[in-house]
Amino acid sequence: MQTDIIIVGQGISGTFLSYYLQKAGVSFIVIDEANPNTASKAAAGLISPVTGRRIVKTWMIDELMSFAKLAYAEIGKKLGVDFFSETNIIDFFATPQMRQAFLQRLDEDKQFLELPDDENSWRSHFNYDFGFGKIEPVYLVSIAKLIAAFRKKLLDQNFLLEDYFDIQQLVLSENKVQYKDIIAEKIVFCDGVESFQNPYFKNLPFAPNKGEALLVEIKDIPDDLIYKKGINLVPLGNHLFWVGSSYEWQFQDDQPTETFRKRTELILLDWLKAPFKIMEHFASVRPATLERRPFVGFHPLNKCVGILNGMGTKGCSLAPYFASQLVENMVHQIPIDAGADINRFEKTLSKSAIF
Ligand SMILES: Cc1cc2nc3c(=O)[nH]c(=O)nc-3n(C[C@H](O)[C@H](O)[C@H](O)COP(=O)(O)OP(=O)(O)OC[C@H]3O[C@@H](n4cnc5c(N)ncnc54)[C@H](O)[C@@H]3O)c2cc1C
């Protein structure tokens with residue numbers, strides 16, 4: 001079989017890469033094993049304009065949010081399903097310091113932050129001592145549904161091989177790649193945490209980060225807003241909420257832990273006035289990077305081998321934007337944003353003695 005591009009992985013990165021390649025008229029085949037535990041399947045699907053304890057503006061957020069809004073509308077229209085909504089975060093301050101940080105940011109920049117007229121308005125639903133603020137707008141993507149719907153389309157079109165990609169069977173030459181009976185011009189790895197072991201890219205400064213979350217039924221709170229107090233309650237419809245998550249740099253494996261479940265249950269008991277029921281508990285590892293920027297582009301020693309990875313905690317906004325940039329780069333030689341282009345690690349990558 002002959003094709004232009006082999007894509008390894010159909011998380012949010014591989015999904016958008018195949019979407020933009022198809023749009024550009026470039027042929028491809030996606031190889032993805034059906035792993036239920038991937039980062040994309042565990043994600044809440046939040047795109048927030050601010051981040052961290054100091055509530056600073058997220059990197060490139062103005063460009064990323066406007067791009068994401070169009071990208072999800074477009075892919076949703078193509079698949080006939082709406083995966084995207086716009087909402088707010090009600091940010092309950094867990095400590096006086098958090099309230100102070102919010103007020104300080106509000107003083108500096110009012111673009112996404114607001115204080116309520118009435119600080120008591122959520123008293124019948126939540127316990128809180130230090131008031132709350134509002135973050136808006138925030139986007140919410142039904143990421144697992146999007147990936148499942150896109151997968152079905154790829155399967156229907158014979159563009160997806162449901163299989164484990166065995167890197168030992170990849171053969172590279174100067175201007176083509178071969179994997180088993182597939183011959184292509186290029187291969188792009190969108191394989192999430194698997195890239196940490198990839199002989200071509202393992203020297204990149206990855207920093208895997210584990211996250212756990214619960215699926216919880218809460219009948220008595222409005223399910224069109226996101227609520228935050230240390231953890232996030234993200235509405236999924238039908239009174240179900242994604243509740244999480246943890247950010248662990250040191251961990252034994254990618255499995256859910258009793259510690260997280262108990263800790264989160266205690267937080268909910270303390271915070272919610274309504275009863276709740278834990279329905280599921282899941283965990284995965286984020287393909288994060290030391291400098292919190294993605295890895296996009298082609299290997300300096302062999303331009304046939306590329307990567308779209310390192311989306312960290314922000315795959316929902318970074319993946320569509322940088323998948324589109326990578327396709328523009330392949331088709332029209334338009335440079336990739338310098339903060340994301342793997343060329344910034346040219347020296348490190350040139351040490352891989354594998355070509
Ligand atoms: C608990 C949690 C909550 C999160 N919440 C958010 C959020 O609210 N908003 C946000 O923007 N981001 C969030 N993230 C981060 C987000 O999930 C990631 O940034 C994003 O999903 C990474 O997508 P990816 O496609 O690069 O990798 P992945 O989703 O890991 O996809 C990689 C794909 O490659 C396949 N694959 C790998 N190796 C092979 C192989 N050898 N053969 C075949 N197939 C292979 C896997 O099966 C998988 O389908 C969260 C992450 C976690 C863990």
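The model is predicted: local features need pLDDT of at least 70, side-chain atom pairs count only at pLDDT 80 or more, and totals for chains, interfaces and linings use all residues. Residues are numbered from 1 along each chain as its sequence is written, and side-chain values use heavy atoms, with hydrogens and water left out.

**Domains**

- The domain assignment gives domain 1 (2–42 + 145–204 + 290–350) and domain 2 (209–286). Such bounds come from an automatic or database domain assignment.
- The centres of domain 1 and domain 2, taken over C-alpha atoms, are 30 Å apart.
- Contact between them involves nine residues of domain 1 and 10 residues of domain 2. Contact means heavy atoms within 4.5 Å.

**Nonpolar cores**

- The largest nonpolar core holds 68 residues. A nonpolar core is a set of buried Ala, Val, Leu, Ile, Met, Phe, Trp, Tyr and Cys residues joined through side-chain atoms within 4.5 Å. Buried means under 20% relative accessible area, exposed over 50%, and partly exposed in between (1.4 Å probe, protein chains only).
- F16, L17, L21, Y72, V188, L308 and L326 have the most contacts inside the largest core.
- Helix α7 (residues 315–332) gives the most to this core, with nine residues. Helices (H or I, at least four residues) and strands (E, at least two) are DSSP runs, numbered from the N terminus.
- Domain 1 and domain 2 both give residues to this core, so it lies between them.
- Another core, of 24 residues, lies apart from it; I31, F165, L170 and F345 are among its members.

**The second largest pocket**

- The second largest pocket has a volume of about 620 Å³. On a 1 Å grid over the protein atoms alone, a cavity is a set of points where a 1.4 Å probe fits but cannot get out, and a pocket is an open set with protein on both sides within 12 Å along at least five of seven lines; lining residues have an atom within 4 Å of a point. Grid points are joined across faces, edges and corners, and a volume is the space filled by probe spheres set on the points.
- Its lining has 29 residues, and A43, A44, S142, A144 and L236 are the closest to its centre.
- Elements giving two or more residues to this lining include α5 (143–156), β8 (132–141) and β17 (277–286).
- The lining has 16 nonpolar, six polar and seven charged residues. Ala, Val, Leu, Ile, Met, Phe, Trp, Tyr, Cys and Pro count as nonpolar, Asp, Glu, Lys and Arg as charged, and the others, Gly among them, as polar.

**The cavity**

- The whole structure has one cavity of 30 Å³ or more. About 50 Å³ of space lies in the largest cavity.
- V50, I55, K57, R105, D109, Q111, F112 and L113 line the largest cavity. By class, four are nonpolar, one is polar and three are charged.

- F84 lies in strand β6. At 15% relative accessibility, F84 counts as buried.
- Leaving aside neighbours within four places in sequence, F84 is in contact with A68, K69, Y72, Y139, L140 and V141.
- F84 and Y72 are 12 residues apart along the chain, and 6.3 Å separates their C-alpha atoms.
- G76 sits in helix α3 (residues 61–79). G76 counts as buried, at 5% relative accessibility.
- Not counting residues up to four places away in sequence, G76 touches V81 and F83.
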